[in-house]
Amino acid sequence: MNTTAAYAAITAKTPLVPYSIERRDPGPHEVLIDILYCGVCHSDIHQVRDEWGGSIFPMVPGHEIVGTVVKAGRHVSKWKIGDTVGVGCFVDSCHECEACKEGEEQFCEAGMSATYNSYEQDGKTLTYGGYSTCITVSEDYVLRIPAGLPLERVAPLLCAGITTYSPLRHFGVKAGDYVAIVGLGGLGHMGVKIAKAMGAFVTVLSHSPGKRDDALALGADDFIATGEKGVFEVNAKRFDFILDTISAKHDYNDYLNLLRRDGTMVLVGIPEPMPLAAGSLVMQRRKLAGSLIGGIRETQEMLDFCAEHNVVSDVEVIPIQKVNEAYERVLKSDVHYRFVIDIASLKKS
Ligand code: NAP
Ligand code: ZN
(Lines give C-alpha, C1' and ligand atoms only; values in the text may rest on other atoms or scores of the structure.)
(Ligands and ions follow the chains in the order given, each with its own letter.)
Protein backbone atom coordinates (compact mmCIF):
# COMPACT_ATOMS: atom_id res chain seq x y z
CA MET A 1 0.00 0.00 0.00
CA ASN A 2 1.10 3.56 -0.68
CA THR A 3 -0.04 6.32 1.64
CA THR A 4 -1.02 9.14 -0.67
CA ALA A 5 -1.68 12.82 -0.06
CA ALA A 6 -4.99 14.05 -1.46
CA TYR A 7 -7.73 16.66 -1.15
CA ALA A 8 -11.18 15.43 -0.26
CA ALA A 9 -14.72 16.60 0.33
CA ILE A 10 -15.79 15.15 3.67
CA THR A 11 -19.42 16.21 3.24
CA ALA A 12 -21.48 17.89 0.51
CA LYS A 13 -21.60 21.14 2.42
CA THR A 14 -17.96 21.67 3.43
CA PRO A 15 -14.91 22.84 1.44
CA LEU A 16 -12.30 20.35 0.25
CA VAL A 17 -9.55 19.70 2.80
CA PRO A 18 -6.19 17.88 2.89
CA TYR A 19 -6.75 14.16 3.27
CA SER A 20 -4.78 10.93 3.10
CA ILE A 21 -5.70 7.78 1.14
CA GLU A 22 -4.11 4.39 0.47
CA ARG A 23 -3.27 3.34 -3.08
CA ARG A 24 -2.72 -0.38 -3.66
CA ASP A 25 0.49 -1.71 -5.19
CA PRO A 26 -0.19 -2.48 -8.84
CA GLY A 27 -1.61 -5.96 -9.55
CA PRO A 28 -0.20 -8.03 -12.45
CA HIS A 29 -2.10 -5.97 -15.05
CA GLU A 30 -2.00 -2.60 -13.31
CA VAL A 31 0.25 0.44 -13.25
CA LEU A 32 0.95 3.01 -10.56
CA ILE A 33 0.93 6.55 -11.95
CA ASP A 34 2.63 9.54 -10.33
CA ILE A 35 0.16 12.37 -11.00
CA LEU A 36 1.50 15.64 -12.43
CA TYR A 37 -1.68 17.56 -13.30
CA CYS A 38 -5.40 17.17 -12.77
CA GLY A 39 -8.11 19.31 -14.37
CA VAL A 40 -11.11 20.68 -12.47
CA CYS A 41 -14.36 19.67 -14.19
CA HIS A 42 -17.78 21.10 -13.35
CA SER A 43 -18.81 17.46 -12.73
CA ASP A 44 -16.41 17.52 -9.75
CA ILE A 45 -18.51 20.33 -8.28
CA HIS A 46 -21.87 18.67 -9.07
CA GLN A 47 -20.68 15.50 -7.30
CA VAL A 48 -18.89 17.15 -4.35
CA ARG A 49 -22.10 19.09 -3.67
CA ASP A 50 -24.23 15.97 -4.23
CA GLU A 51 -26.26 17.71 -6.94
CA TRP A 52 -26.85 14.40 -8.76
CA GLY A 53 -27.67 12.46 -5.58
CA GLY A 54 -25.93 9.35 -4.22
CA SER A 55 -22.51 10.95 -3.67
CA ILE A 56 -20.11 8.86 -1.58
CA PHE A 57 -17.98 10.65 1.06
CA PRO A 58 -15.17 11.25 1.72
CA MET A 59 -14.71 12.04 -1.97
CA VAL A 60 -11.41 12.72 -3.73
CA PRO A 61 -12.51 14.22 -7.07
CA GLY A 62 -10.57 14.55 -10.31
CA HIS A 63 -10.84 12.74 -13.65
CA GLU A 64 -8.56 14.70 -15.96
CA ILE A 65 -5.29 13.10 -14.93
CA VAL A 66 -1.87 13.27 -16.56
CA GLY A 67 1.17 11.63 -15.01
CA THR A 68 4.07 9.24 -15.30
CA VAL A 69 4.12 5.45 -14.90
CA VAL A 70 6.31 4.69 -11.89
CA LYS A 71 5.52 1.01 -11.25
CA ALA A 72 4.12 -1.71 -13.50
CA GLY A 73 2.66 -5.13 -12.60
CA ARG A 74 4.56 -8.14 -13.90
CA HIS A 75 2.16 -8.85 -16.80
CA VAL A 76 1.81 -5.27 -18.00
CA SER A 77 2.60 -5.17 -21.70
CA LYS A 78 1.34 -1.75 -22.83
CA TRP A 79 3.36 0.56 -20.57
CA LYS A 80 6.81 0.93 -19.18
CA ILE A 81 8.22 2.99 -16.34
CA GLY A 82 8.65 6.62 -17.39
CA ASP A 83 5.77 6.66 -19.92
CA THR A 84 3.62 9.81 -19.89
CA VAL A 85 0.02 8.69 -19.61
CA GLY A 86 -3.50 9.88 -18.90
CA VAL A 87 -6.52 8.64 -16.96
CA GLY A 88 -9.99 9.95 -17.72
CA CYS A 89 -13.43 9.48 -16.22
CA PHE A 90 -13.37 5.74 -15.55
CA VAL A 91 -10.78 3.24 -14.37
CA ASP A 92 -12.47 -0.09 -15.13
CA SER A 93 -15.59 -1.77 -16.49
CA CYS A 94 -16.83 -5.38 -16.83
CA HIS A 95 -14.88 -6.12 -20.08
CA GLU A 96 -17.64 -8.58 -21.11
CA CYS A 97 -20.88 -6.81 -22.02
CA GLU A 98 -21.77 -5.65 -25.52
CA ALA A 99 -20.80 -2.03 -24.74
CA CYS A 100 -17.37 -3.01 -23.37
CA LYS A 101 -16.72 -5.34 -26.31
CA GLU A 102 -17.57 -2.51 -28.72
CA GLY A 103 -15.17 -0.14 -26.95
CA GLU A 104 -17.97 1.95 -25.43
CA GLU A 105 -16.98 1.17 -21.85
CA GLN A 106 -18.67 4.34 -20.58
CA PHE A 107 -21.98 2.53 -21.20
CA CYS A 108 -20.87 -0.74 -19.51
CA GLU A 109 -24.04 -2.67 -18.64
CA ALA A 110 -22.65 -3.77 -15.28
CA GLY A 111 -21.68 -0.16 -14.58
CA MET A 112 -18.26 1.35 -15.22
CA SER A 113 -16.01 2.12 -12.29
CA ALA A 114 -15.84 5.89 -12.41
CA THR A 115 -12.47 7.37 -11.44
CA TYR A 116 -13.97 8.68 -8.19
CA ASN A 117 -17.29 8.65 -6.30
CA SER A 118 -17.70 5.05 -7.43
CA TYR A 119 -16.56 1.49 -6.72
CA GLU A 120 -14.02 -0.78 -8.36
CA GLN A 121 -15.49 -3.80 -10.20
CA ASP A 122 -15.39 -5.75 -6.91
CA GLY A 123 -18.34 -3.57 -5.87
CA LYS A 124 -16.79 -2.54 -2.57
CA THR A 125 -13.46 -0.73 -3.05
CA LEU A 126 -14.13 2.99 -3.23
CA THR A 127 -12.43 4.86 -6.08
CA TYR A 128 -10.55 8.09 -5.46
CA GLY A 129 -9.65 10.56 -8.20
CA GLY A 130 -6.81 12.76 -9.33
CA TYR A 131 -6.71 15.40 -6.59
CA SER A 132 -4.00 13.13 -5.19
CA THR A 133 -0.36 12.35 -5.81
CA CYS A 134 -0.72 8.89 -7.39
CA ILE A 135 -3.27 6.38 -8.69
CA THR A 136 -3.29 2.64 -9.47
CA VAL A 137 -5.13 1.72 -12.67
CA SER A 138 -5.61 -1.31 -14.94
CA GLU A 139 -3.31 -0.97 -17.95
CA ASP A 140 -6.25 -1.17 -20.38
CA TYR A 141 -7.81 2.02 -18.99
CA VAL A 142 -4.73 4.19 -19.41
CA LEU A 143 -4.20 6.56 -22.35
CA ARG A 144 -1.02 7.41 -24.23
CA ILE A 145 -0.21 11.13 -24.20
CA PRO A 146 1.31 12.10 -27.55
CA ALA A 147 4.81 13.56 -27.24
CA GLY A 148 5.49 17.27 -27.44
CA LEU A 149 2.29 18.65 -25.90
CA PRO A 150 2.33 20.85 -22.76
CA LEU A 151 1.03 18.44 -20.14
CA GLU A 152 -0.96 20.94 -18.05
CA ARG A 153 -2.86 21.85 -21.21
CA VAL A 154 -3.44 18.20 -22.13
CA ALA A 155 -5.06 17.15 -18.82
CA PRO A 156 -8.49 18.67 -19.68
CA LEU A 157 -8.63 16.62 -22.87
CA LEU A 158 -9.24 13.53 -20.72
CA CYS A 159 -12.79 14.72 -19.95
CA ALA A 160 -13.61 18.05 -21.62
CA GLY A 161 -11.82 16.97 -24.81
CA ILE A 162 -13.42 13.55 -25.22
CA THR A 163 -16.88 14.73 -24.10
CA THR A 164 -16.98 17.22 -26.97
CA TYR A 165 -15.04 15.17 -29.56
CA SER A 166 -17.24 12.09 -29.17
CA PRO A 167 -20.61 13.64 -30.13
CA LEU A 168 -19.06 15.74 -32.90
CA ARG A 169 -17.69 12.52 -34.43
CA HIS A 170 -20.60 10.24 -33.58
CA PHE A 171 -23.19 12.56 -35.14
CA GLY A 172 -21.03 13.06 -38.23
CA VAL A 173 -20.14 16.75 -38.05
CA LYS A 174 -18.12 17.57 -41.16
CA ALA A 175 -16.29 20.42 -42.83
CA GLY A 176 -18.63 23.27 -43.72
CA ASP A 177 -21.36 22.35 -41.20
CA TYR A 178 -22.86 25.17 -39.14
CA VAL A 179 -22.12 24.20 -35.54
CA ALA A 180 -23.19 26.05 -32.39
CA ILE A 181 -21.38 25.52 -29.11
CA VAL A 182 -23.60 26.59 -26.23
CA GLY A 183 -21.77 27.69 -23.06
CA LEU A 184 -18.13 28.75 -23.19
CA GLY A 185 -16.59 26.97 -20.21
CA GLY A 186 -14.29 23.95 -19.94
CA LEU A 187 -16.27 21.73 -22.30
CA GLY A 188 -17.41 24.57 -24.53
CA HIS A 189 -13.96 25.95 -25.30
CA MET A 190 -12.74 22.46 -26.22
CA GLY A 191 -15.83 22.03 -28.40
CA VAL A 192 -14.92 25.22 -30.27
CA LYS A 193 -11.36 24.08 -30.91
CA ILE A 194 -12.27 20.53 -31.93
CA ALA A 195 -15.23 21.49 -34.17
CA LYS A 196 -13.00 24.09 -35.83
CA ALA A 197 -10.26 21.47 -36.39
CA MET A 198 -12.95 19.32 -38.06
CA GLY A 199 -13.60 22.18 -40.48
CA ALA A 200 -16.98 23.37 -39.18
CA PHE A 201 -18.18 26.98 -39.14
CA VAL A 202 -18.42 27.50 -35.39
CA THR A 203 -20.66 29.91 -33.48
CA VAL A 204 -20.51 30.31 -29.69
CA LEU A 205 -23.75 31.00 -27.82
CA SER A 206 -23.03 32.44 -24.40
CA HIS A 207 -24.90 34.12 -21.56
CA SER A 208 -21.67 36.06 -20.78
CA PRO A 209 -21.46 38.89 -23.34
CA GLY A 210 -17.89 39.65 -22.17
CA LYS A 211 -16.64 36.36 -23.66
CA ARG A 212 -16.98 37.54 -27.28
CA ASP A 213 -13.28 38.35 -27.84
CA ASP A 214 -12.17 35.14 -26.13
CA ALA A 215 -14.55 33.07 -28.26
CA LEU A 216 -13.14 34.52 -31.45
CA ALA A 217 -9.55 34.13 -30.18
CA LEU A 218 -10.27 30.47 -29.41
CA GLY A 219 -11.19 30.04 -33.06
CA ALA A 220 -14.96 30.63 -33.24
CA ASP A 221 -16.23 32.28 -36.42
CA ASP A 222 -19.15 34.01 -34.72
CA PHE A 223 -20.52 34.82 -31.26
CA ILE A 224 -24.08 35.28 -30.04
CA ALA A 225 -24.83 36.79 -26.63
CA THR A 226 -28.00 34.91 -25.67
CA GLY A 227 -29.18 37.64 -23.31
CA GLU A 228 -29.72 40.10 -26.15
CA LYS A 229 -33.28 40.76 -27.22
CA GLY A 230 -34.57 38.81 -30.21
CA VAL A 231 -31.47 36.61 -30.77
CA PHE A 232 -33.44 33.36 -30.72
CA GLU A 233 -35.82 34.66 -33.42
CA VAL A 234 -33.09 36.18 -35.62
CA ASN A 235 -31.01 32.98 -35.55
CA ALA A 236 -33.87 30.48 -35.93
CA LYS A 237 -33.10 27.46 -38.19
CA ARG A 238 -29.48 28.45 -38.55
CA PHE A 239 -27.49 25.43 -37.35
CA ASP A 240 -26.92 21.84 -38.48
CA PHE A 241 -25.64 20.80 -35.07
CA ILE A 242 -25.77 22.25 -31.56
CA LEU A 243 -23.62 21.05 -28.67
CA ASP A 244 -25.16 22.18 -25.38
CA THR A 245 -22.59 22.27 -22.56
CA ILE A 246 -24.54 24.47 -20.08
CA SER A 247 -24.19 23.29 -16.48
CA ALA A 248 -27.24 25.17 -15.09
CA LYS A 249 -30.98 24.86 -15.71
CA HIS A 250 -32.07 26.49 -19.00
CA ASP A 251 -34.78 26.18 -21.62
CA TYR A 252 -33.80 23.60 -24.28
CA ASN A 253 -36.69 24.69 -26.48
CA ASP A 254 -35.09 28.09 -27.19
CA TYR A 255 -31.97 26.38 -28.51
CA LEU A 256 -33.81 23.64 -30.44
CA ASN A 257 -35.51 26.32 -32.49
CA LEU A 258 -32.08 27.35 -33.78
CA LEU A 259 -31.72 23.99 -35.59
CA ARG A 260 -32.50 23.78 -39.26
CA ARG A 261 -34.55 20.89 -40.71
CA ASP A 262 -33.14 17.49 -39.63
CA GLY A 263 -30.60 19.18 -37.39
CA THR A 264 -29.38 17.60 -34.17
CA MET A 265 -28.84 19.05 -30.71
CA VAL A 266 -26.73 17.05 -28.27
CA LEU A 267 -26.82 17.64 -24.52
CA VAL A 268 -23.60 17.04 -22.62
CA GLY A 269 -24.24 19.40 -19.70
CA ILE A 270 -26.15 17.75 -16.88
CA PRO A 271 -28.26 20.38 -15.05
CA GLU A 272 -31.56 19.84 -13.23
CA PRO A 273 -34.54 18.72 -15.36
CA MET A 274 -36.36 21.11 -17.70
CA PRO A 275 -39.59 20.45 -19.65
CA LEU A 276 -39.39 19.85 -23.38
CA ALA A 277 -42.07 20.97 -25.87
CA ALA A 278 -42.72 18.32 -28.55
CA GLY A 279 -43.22 21.12 -31.07
CA SER A 280 -39.56 22.12 -30.80
CA LEU A 281 -38.68 18.75 -32.37
CA VAL A 282 -41.73 18.00 -34.51
CA MET A 283 -41.73 21.15 -36.60
CA GLN A 284 -38.42 20.63 -38.43
CA ARG A 285 -37.91 16.87 -37.79
CA ARG A 286 -35.22 17.89 -35.32
CA LYS A 287 -33.32 15.43 -33.14
CA LEU A 288 -32.34 15.80 -29.50
CA ALA A 289 -29.69 13.46 -28.10
CA GLY A 290 -27.22 13.14 -25.25
CA SER A 291 -23.65 11.94 -25.02
CA LEU A 292 -21.45 10.66 -22.21
CA ILE A 293 -17.65 11.09 -22.34
CA GLY A 294 -16.22 8.42 -24.72
CA GLY A 295 -14.66 4.95 -24.69
CA ILE A 296 -10.95 4.21 -24.32
CA ARG A 297 -10.39 3.66 -28.05
CA GLU A 298 -12.13 6.91 -28.95
CA THR A 299 -10.33 8.83 -26.19
CA GLN A 300 -6.99 7.72 -27.66
CA GLU A 301 -8.24 8.71 -31.12
CA MET A 302 -9.17 12.16 -29.71
CA LEU A 303 -5.72 12.61 -28.12
CA ASP A 304 -4.04 11.72 -31.41
CA PHE A 305 -6.42 14.03 -33.31
CA CYS A 306 -5.61 16.89 -30.92
CA ALA A 307 -1.87 16.29 -31.28
CA GLU A 308 -2.19 16.30 -35.06
CA HIS A 309 -4.21 19.54 -35.04
CA ASN A 310 -2.26 21.17 -32.21
CA VAL A 311 -5.37 21.41 -30.05
CA VAL A 312 -4.86 21.80 -26.29
CA SER A 313 -6.89 23.44 -23.53
CA ASP A 314 -6.55 27.06 -22.38
CA VAL A 315 -5.80 26.67 -18.70
CA GLU A 316 -5.24 28.50 -15.46
CA VAL A 317 -2.82 26.40 -13.41
CA ILE A 318 -3.47 26.53 -9.66
CA PRO A 319 -1.95 24.98 -6.55
CA ILE A 320 -4.35 22.55 -4.88
CA GLN A 321 -4.71 24.92 -1.93
CA LYS A 322 -6.76 27.19 -4.26
CA VAL A 323 -9.23 24.53 -5.36
CA ASN A 324 -12.19 25.79 -3.30
CA GLU A 325 -11.70 29.28 -4.72
CA ALA A 326 -11.53 27.78 -8.21
CA TYR A 327 -14.90 26.04 -7.63
CA GLU A 328 -16.48 29.38 -6.74
CA ARG A 329 -15.13 30.94 -9.91
CA VAL A 330 -16.37 28.05 -12.07
CA LEU A 331 -19.84 28.56 -10.56
CA LYS A 332 -19.70 32.21 -11.65
CA SER A 333 -18.71 31.17 -15.22
CA ASP A 334 -15.38 32.87 -14.49
CA VAL A 335 -13.08 30.16 -15.80
CA HIS A 336 -10.58 30.76 -18.63
CA TYR A 337 -11.15 28.05 -19.65
CA ARG A 338 -10.16 25.19 -17.37
CA PHE A 339 -8.55 25.20 -13.95
CA VAL A 340 -5.77 22.64 -13.75
CA ILE A 341 -4.20 21.63 -10.44
CA ASP A 342 -0.41 21.40 -10.36
CA ILE A 343 -0.07 18.29 -8.17
CA ALA A 344 3.48 19.35 -7.21
CA SER A 345 1.71 21.71 -4.75
CA LEU A 346 0.30 18.65 -2.96
CA LYS A 347 3.64 16.84 -2.86
CA LYS A 348 5.26 19.81 -1.12
CA SER A 349 2.53 20.33 1.47
P1 NAP B 1 -18.11 25.05 -16.93
O2 NAP B 1 -16.66 25.19 -17.23
O3 NAP B 1 -18.65 25.62 -15.67
O4 NAP B 1 -18.92 25.61 -18.19
C5 NAP B 1 -20.30 25.69 -18.21
C6 NAP B 1 -20.72 26.92 -18.98
O7 NAP B 1 -22.16 26.95 -19.00
C8 NAP B 1 -20.34 28.24 -18.32
O9 NAP B 1 -19.03 28.65 -18.56
C10 NAP B 1 -21.34 29.19 -18.94
O11 NAP B 1 -20.90 29.57 -20.23
C12 NAP B 1 -22.58 28.30 -19.11
N13 NAP B 1 -23.55 28.59 -18.05
C14 NAP B 1 -23.36 28.46 -16.71
N15 NAP B 1 -24.44 28.85 -16.04
C16 NAP B 1 -25.35 29.25 -16.96
C17 NAP B 1 -26.68 29.75 -16.91
N18 NAP B 1 -27.28 29.96 -15.73
N19 NAP B 1 -27.32 30.02 -18.07
C20 NAP B 1 -26.71 29.84 -19.25
N21 NAP B 1 -25.44 29.38 -19.37
C22 NAP B 1 -24.78 29.07 -18.26
O23 NAP B 1 -18.52 23.50 -16.88
P24 NAP B 1 -17.91 22.26 -17.72
O25 NAP B 1 -16.86 21.62 -16.92
O26 NAP B 1 -17.69 22.69 -19.11
O27 NAP B 1 -19.16 21.27 -17.68
C28 NAP B 1 -20.40 21.64 -18.27
C29 NAP B 1 -21.47 20.62 -17.95
O30 NAP B 1 -21.16 19.38 -18.60
C31 NAP B 1 -21.61 20.27 -16.46
O32 NAP B 1 -22.98 20.09 -16.17
C33 NAP B 1 -20.85 18.95 -16.34
O34 NAP B 1 -21.27 18.17 -15.26
C35 NAP B 1 -21.22 18.32 -17.65
N36 NAP B 1 -20.30 17.26 -18.11
C37 NAP B 1 -20.85 16.26 -18.82
C38 NAP B 1 -20.06 15.27 -19.35
C39 NAP B 1 -20.67 14.19 -20.19
O40 NAP B 1 -20.03 13.17 -20.40
N41 NAP B 1 -21.86 14.38 -20.70
C42 NAP B 1 -18.68 15.29 -19.12
C43 NAP B 1 -18.13 16.35 -18.40
C44 NAP B 1 -18.96 17.34 -17.90
P45 NAP B 1 -21.18 31.08 -20.78
O46 NAP B 1 -20.58 31.98 -19.74
O47 NAP B 1 -20.47 31.10 -22.07
O48 NAP B 1 -22.66 31.22 -20.92
ZN1 ZN C 1 -15.45 15.89 -16.37
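What follows is a chat about this predicted model.

Me: What should I know about numbering and cut-offs before we start?
Reply: Residues are numbered from 1 along each chain as its sequence is written, and chains are lettered from A and ligands numbered from 1 in the order in which they are written. The model is predicted, so to speak of local features pLDDT must be at least 70, side-chain atom pairs count only at pLDDT 80 or more, totals for chains, interfaces and linings use all residues, and side-chain values use heavy atoms, with hydrogens and water left out.

Me: Backbone first. Which residues does the cis bond with omega of about -5° join?
Reply: Phe57 and Pro58. Pro58 sits in the loop between α1 (42-48) and β4 (65-72). Helices (H or I, at least four residues) and strands (E, at least two) are DSSP runs, numbered from the N terminus.

Me: And which residues does the cis bond with omega of about -10° join?
Reply: His336 and Tyr337. Tyr337 is in the loop between α11 (323-331) and β17 (338-342).

Me: What is the phi of Arg285?
Reply: Positive, about 50°, although Arg285 is not a glycine. Its place is the loop between α9 (278-282) and β15 (287-290).

Me: Is Arg285 buried or exposed?
Reply: Arg285 is exposed, at 55% relative accessible area. The cut-offs are under 20% for buried, over 50% for exposed and in between for partly exposed (1.4 Å probe, protein chains only).

Me: What about Ser333?
Reply: Ser333 also isn't a glycine, and has a positive phi of about 60°. Ser333 lies in the loop between α11 and β17 and is partly exposed, with a relative accessible area of 25%.

Me: Switching to the inside. How many residues has the largest nonpolar core?
Reply: The largest nonpolar core has 90 residues, and Tyr131 and Ile194 have the most contacts inside it. A nonpolar core here is a set of buried Ala, Val, Leu, Ile, Met, Phe, Trp, Tyr and Cys residues joined through side-chain atoms within 4.5 Å.

Me: What is in the second core?
Reply: The second core is separate and has 16 residues, including Phe232, Tyr255, Leu259 and Leu267.

Me: How many aromatic pairs are there?
Reply: The count is 5. Rings of Phe, Tyr and Trp (its six-membered ring) pair if their centres lie within 6.5 Å; planes under 30 degrees apart are stacked, over 60 edge-to-face, and the rest tilted. Phe232 and Tyr255 form an edge-to-face pair, 5.1 Å centre to centre with 90° between the planes. The pair links helix α7 (residues 231-234), which holds Phe232, with helix α8 (residues 252-256), which holds Tyr255, 23 residues apart.

Me: Pockets next. How much space lies in the second largest pocket?
Reply: About 230 Å³. On a 1 Å grid over the protein atoms alone, a pocket is an open set of points with protein on both sides within 12 Å along at least five of seven lines, a cavity is a set where a 1.4 Å probe fits but cannot get out, and lining residues have an atom within 4 Å of a point. Points are joined across faces, edges and corners, and a volume is the space filled by probe spheres set on them.

Me: Which residues lie nearest the centre of that pocket?
Reply: Glu104, Gln106, Phe107, Ser166 and His170, out of 16 lining residues. The elements giving two or more residues to the lining are α4 (160-170) and α10 (296-308). The second largest pocket lies between domain 1 and domain 2, because both give residues to its lining.

Me: How does its lining divide by class?
Reply: Into 4 nonpolar, 7 polar and 5 charged residues. Ala, Val, Leu, Ile, Met, Phe, Trp, Tyr, Cys and Pro count as nonpolar, Asp, Glu, Lys and Arg as charged, and the others, Gly among them, as polar.

Me: Last one: what is the volume of the largest cavity?
Reply: About 70 Å³. Its lining has 7 nonpolar, 3 polar and no charged residues, among them Cys89, Phe90 and Thr299.

Key:
Domain bounds come from an automatic or database domain assignment.
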